[in-house]
Structure formats: structure tokens, C-alpha cells
Amino acid sequence: MSQFRYLTAGESHGPQLSAIIEGLPSGVRLLADSVNLDLARRQQGYGRGGRMKIEKDTVDLLSGVRWGETLGSPVTLVVKNRDWENWLEKMSPLSEHRDDSSAVTRPRPGHADLSGVLKYHLDDVRNVLERSSARETAVRVAVGGVAKALLAEFGIRIGGFVTEVGGVTVSAPQEPIEQLWLRAAESEMFCCDPLAEEKMKSAIDAARDAGDTLGGVVEVQVLGVPSGLGSYVHWDRKLDARLAMALMSIQAIKGVEVGIGFEAARRPGSRVHDEISYKEGYCRDTNNAGGIEGGMTNGEPIILRAAMKPIPTLYKPLRSVDMRTHEVFEATVERSDTCAVPAALVVAEAVVAIEIANALLEKFGGDSVTEIKRNIEGYVEQIRNA
Ligand code: EPS
């Protein structure tokens, strides 16, 4: 079965985050150092909180890789939590450390806290927040790094930038996408508009001073994808649907757009659809569809945007109810970030990479990079002459 599948495990203040990836072919060049670059990016960005000063996330590759190449067997990834040493007793798996007096009983609005404790019949909100925390995205970024390494074997590149924070929007210069990625990499907000970056940082400073938080919008682009990934024949094979699910699965994401997205609803059809031409293969002069038509890639760059709500842990706490007494209280303040939109960009790239890797393996199959390459080349040749 050719499918890129993975599971993650681990609590925010437990010893480590783990993932197992199944379905990787052999022959993918994979070094921890390249995955670590994305882990470091995820920790950056203006507006992060105290936790990022404690952690220095790196990945251990514990199976499925030998001498810098995948073997075709499951790949195990581990990202250790440095903060674990401050939580040895509070997060101990051993029964003799139980201390109910430290239970968190004031669920925070906007988090999984309340529905989580009710659903799992728990009386300590910590048992929910430890797993629902966005700390889990560290290991998903590591999985995404592996997916990016697989895609790189076939010339597929993924990147992006932040387009909006707290209502400040970016005007991206008219430059090739990969140049914009380089600009974004140099910016503390991962955006390619220095003027907007300064305004975003001021907005974050103001929110921090007010004990508040800010959300925003990230845009991810995928270049070099052959047409024909995904399918129109069934709802769960449509690639745009699967990418939307992957993006919505990121903590705090509340909306997803493909191509011009909601803007398409406001324009007449003549200003939405991308006309077809032929220059050594089929192509388009515009890309309003964001590279996907009928649930399939059409060979143009894939363009996706995801909207992140402001992190719901506020230093200016919101009203909640104590679960022991039902009395109104100000919700418990856990340590938090003022803005994590730049980090969300890195996570968005990761989940998109995973979904594209999955769709690529589905279409082109193969147990080795060599076999998949042959399959892609044959298909590309076939459609070029169609
Ligand atoms: C995060 C780790 C968390 C938070 C943040 C993201 O660490 P801690 O809870 O120890 O402060 O900084 O998570 C949230 C704000 C959240 O609501 O889940 C990380 O590693 O990115």
C-alpha cells in the first residue's frame, strides 16, 4: 500500500513527543539536520512566550534510516521536551506521585479544556490541555520535514509566508515565489513586506502590554507538483478537501482558502477561471484556482491560506466557571504566547507536505525513489503529448 501514514504521541510537559511514519519508500536522502532547520523555524517569530526560551527542539531519527537514507521501513521520530525536568512529579506516570490538590479546575475559553474533561470524564483540566496543546506541532513539523525530503527527490518544493497579523495585511511584491520565501526567511514575522512587519510587531507589543493575543493568516505554496494528484471520483479523494482537513487539524486554525478562496464568491465566472493554453504542455496564464481543479492538481503552483485565531490563553483572563463549585472565576492563566502566527506557517507547510507526499505516493506508488521517479517521468511524458 503506497500511503504516507503517521501517528504522533506525547504530552506538552511529558518526556518527549514521538511519531511513527509508515509508507516511506527506500532511497530518500534524510538527515536530522535538515529536519532541525524547520524545528528551529517553528520556535522563532516575534511574539512567542517563555516556553520557547526553555526548548531547543531537535529530532532523533530512531528507525528506518541508515547512513542518511531511508530503508523503506517505518521511521521513528522523537523530539524531547526539555521542560520535562520541571514536571517530573506533576506529569509522572507513577501512581505514588498523585496530587489532586494541583488539579486545574477552571477551563479556559477557546481551548479544548471544557469539552475535553466532560467528554473523557476527567476532573483535572491538565489531563486535556497536555495533549491538546500546540506543543504537539513540534513533532508534526518533524514529520513534515521527512515529507519535504521525500518531495525534494522529485523536485517538489514547499514554502510560504505570513500574510496577515492582527488585522495588518501584507502587500507581497510581484516577485517569483521562491524569492518571496527567501525574503520571508529573513523576517521576524516570516513576511515579505518590511513595512507590514513593523506594523505587525507594534500590534503584538500593544497586545502583550494589554494582556491580549493576536491571530493572523498564513499562505503556503507548493511548486513543481505534477498534474493529476487527487481525484474527482470520490469526496475523500479530492485533494483540496484533504489539504483543508490537514490545515484545519492544526491547533487554532479556523478557516482555509484554496487559490483566491472566498474572493471567488464575489467575482463573475469570467474573472475567476484560469484559461487554458499550450506551450510544450498545458498551462495557464492565471492561477486563481490555486493549482487545484475538480479535486486534482492541474500542474500550476498550489496556493493555500489558513486563518489562525488568537491564542486563547490570555494574561488578561476571560471569564469561566470553576468545575468544582460552578462559581464564576477568571480562567486559569497558563504560560502563553502573544502571537504564534509565524510558527503556524511552519506547521502549515509541514501538514501540506505530508498530504502532498501522501497523494504523490498514491498516484505513483513504488517502494523506492528510483521506481517512483520512473513512474512520474512516464506519466509526465504521457500527458505532455496528450
Ligand atoms: C507551544 C508550547 C506551549 C505554548 C504554546 C505552544 O508551551 P507551554 O504550554 O509550556 O507554555 O507555548 O501552546 C499554546 C499556547 C497552546 O494553547 O497550546 C509550542 O511548543 O509551540
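Ala, Val, Leu, Ile, Met, Phe, Trp, Tyr, Cys and Pro count here as nonpolar, Asp, Glu, Lys and Arg as charged, and the others, Gly among them, as polar. The views below show a predicted model.

**View 1. Residue shell around the ligand.** By these classes, the shell around the ligand holds 6 charged, 4 polar and 3 nonpolar residues. The ligand has 13 residues around it, of which His13, Arg42, Arg51, Ala134 and Arg335 come nearest.

View 2. A ligand oxygen atom lies 2.7 Å from a side-chain N or O atom of Arg42. For the side chain of Arg48, the distance from an N or O atom to an oxygen atom of the ligand is 2.9 Å. Ala134 takes part through its backbone, with a polar atom 2.8 Å from an oxygen atom of the ligand. On its own the ligand has 480 Å² of accessible area, and the protein covers 91% of this.

**View 3. The largest nonpolar core and helix α9.** This core has 80 residues. Phe4, Leu77, Val162, Val165, Ile302, Val352 and Ile356 have the most contacts inside it. Helix α9, residues 341–364, gives the most to this core, with 18 residues.

**View 4. Surroundings of Val162.** Val162 is one of the residues with the most contacts inside the largest nonpolar core. Leaving out residues up to four places away in sequence, Val162 touches Val170, Met189, Phe190, Cys191, Met200, Val217, Val218, Val341, Pro342 and Leu345.

**View 5. Thr163 in strand β8.** Thr163 is placed in strand β8, which spans residues 157–165. Thr163 counts as buried because its relative accessibility is 15%, and buried means under 20%. With residues up to four places away in sequence not counted, Thr163 touches Val168, Thr169, Val170, Met200, Val217, Val218, Glu219 and Arg305.

**View 6. Val35 in helix α1.** Helix α1, residues 32–43, contains Val35. The relative accessible area of Val35 is 0%, so this residue is buried. Beyond its neighbours within four places in sequence, Val35 is in contact with Leu30, Val59, Ala142, Gly145 and Val146. Between Val35 and Leu243 there are 21 Å in space, C-alpha to C-alpha, and the two are 208 residues apart in sequence.

Conventions: Residues are numbered from 1 along each chain as its sequence is written. This is a predicted model: local features need pLDDT of at least 70, side-chain atom pairs count only at pLDDT 80 or more; totals for chains, interfaces and linings use all residues. Side-chain values use heavy atoms; hydrogens and water are left out. A nonpolar core is a set of buried Ala, Val, Leu, Ile, Met, Phe, Trp, Tyr and Cys residues joined through side-chain atoms within 4.5 Å. Buried means under 20% relative accessible area, exposed over 50%, partly exposed in between (1.4 Å probe, protein chains only). Helices (H or I, at least four residues) and strands (E, at least two) are DSSP runs, numbered from the N terminus. Contact means heavy atoms within 4.5 Å. A residue is near a molecule or strand if one of its heavy atoms lies within 4 Å of it. A polar contact is a pair of N or O atoms within 3.5 Å; within protein, one must be able to donate a hydrogen and the other to accept it, and residues adjacent in sequence count only if both atoms are side-chain atoms. Accessible areas come from the Shrake-Rupley method with a 1.4 Å probe; for residues, only the protein chains shown count as cover.
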